[in-house]
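Take a look at the protein below and follow the chain from one end to the other.

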Amino acid sequence: MKTQKPAEVELGTLSLSQRYQSFHDGTIFEIGENHKVSKVMVSPTGIRYYKISGTTHWVTDHQVCNVNINNVPTRRTVKIYSA
């Protein structure tokens with residue numbers, strides 16, 4: 001029985017503010033290139049990670065600008081108190 005991989009849903013677009021190079025497979029994305037986003041993940045510290053559609057690569061808030069995605073979770077501020 002074969003199971004089909006679900007198609008990626010495009011959530012929006014982003015452009016890169018820094019050059020991205022993968023040391024795993026050598027993929028390079030240049031500054032200012034527009035890419036489609038298929039997934040968004042938010043870390044517990046509030047940093048967002050974006051999966052570039054059609055690839056296995058994820059970029060962070062620090063590498064992107066001009067993010068145009070619907071229903072993106074907002075950043076959370078976490079206060080840490082010491083005793």
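Is β5 mostly covered or mostly exposed, and how many of its five residues are buried? Strand β5 is mostly covered, with four of the five residues buried. Buried means under 20% relative accessible area, exposed means over 50%, and partly exposed is what lies in between, with a 1.4 Å probe and protein chains only.

Some ground rules come next. The model is predicted, so to speak of local features a pLDDT of at least 70 is needed and side-chain atom pairs count only at pLDDT 80 or more, while totals for chains, interfaces and linings use all residues. Residues are numbered from 1 along each chain as its sequence is written, and side-chain values use heavy atoms, with hydrogens and water left out. The quantity pLDDT is the predictor's confidence in each residue, from 0 to 100. Its mean for the protein is 82, and 86% of the residues reach 70 or more. Where pLDDT is low, the predicted coordinates should not be read in detail.

Now the overall plan. The protein has zero helices and seven strands, and from the N terminus on the elements run β-β-β-β-β-β-β. Helices (H or I, at least four residues) and strands (E, at least two) are DSSP runs, numbered from the N terminus. Of the 83 residues in the protein, 28% are buried. Contact means heavy atoms within 4.5 Å. Among contacts between residues at least 6 apart in sequence, 46% join residues at least 24 apart.

Next, see how the strands pair. Two strands pair if DSSP finds at least two bridges between them. Strand β1 (residues 12-16) has antiparallel pairings with two strands: four bridges link β1 to β4 (residues 34-42), and four bridges link β1 to β7 (residues 64-69). Gly 12 takes part in both, standing opposite Val 37 in β4 and having Ile 69 as its bridge partner in β7. Strand β1 is mostly covered, since four of its five residues are buried.

Strand β4 also runs antiparallel to β5, joined by five bridges; Val 42 stands opposite Arg 48 in β5. The hairpin of β4 and β5 has five residues between the strands, and there Gly 46 takes a positive phi near 100°. From β5 the pairing goes on to β6, in the antiparallel sense over three bridges, with Thr 60 in β6 as the bridge partner of Tyr 49. The hairpin of β5 and β6 has five residues between the strands as well, and Gly 54 takes a positive phi near 85°.

Leaving aside neighbours within four places in sequence, Asn 34 is in contact with Leu 14 and Ser 15. Ser 38 also lies in β4, but counts as buried at 7% relative accessibility. Not counting residues up to four places away in sequence, Ser 38 touches Glu 8, Val 9, Leu 11, Lys 51, Ile 52 and Ser 53.

Where does His 57 lie? His 57 is in the loop between β5 and β6 (58-60). Why does His 57 count as buried? Because its relative accessibility is 6%. The side chains of His 57 and Asp 25 are joined by a polar contact of 3.4 Å. A polar contact is a pair of N or O atoms within 3.5 Å; within protein, one must be able to donate a hydrogen and the other to accept it, and residues adjacent in sequence count only if both atoms are side-chain atoms. Beyond neighbours within four places in sequence, the contacts of His 57 include Tyr 20 and Phe 29.

The structure holds one aromatic pair. Tyr 20 and Phe 29 form this pair, which is stacked, at 5.6 Å centre to centre and 15° between the planes. Rings of Phe, Tyr and Trp (its six-membered ring) pair if their centres lie within 6.5 Å; planes under 30 degrees apart count as stacked, over 60 as edge-to-face and the rest as tilted. Both Tyr 20 and Phe 29 are buried.
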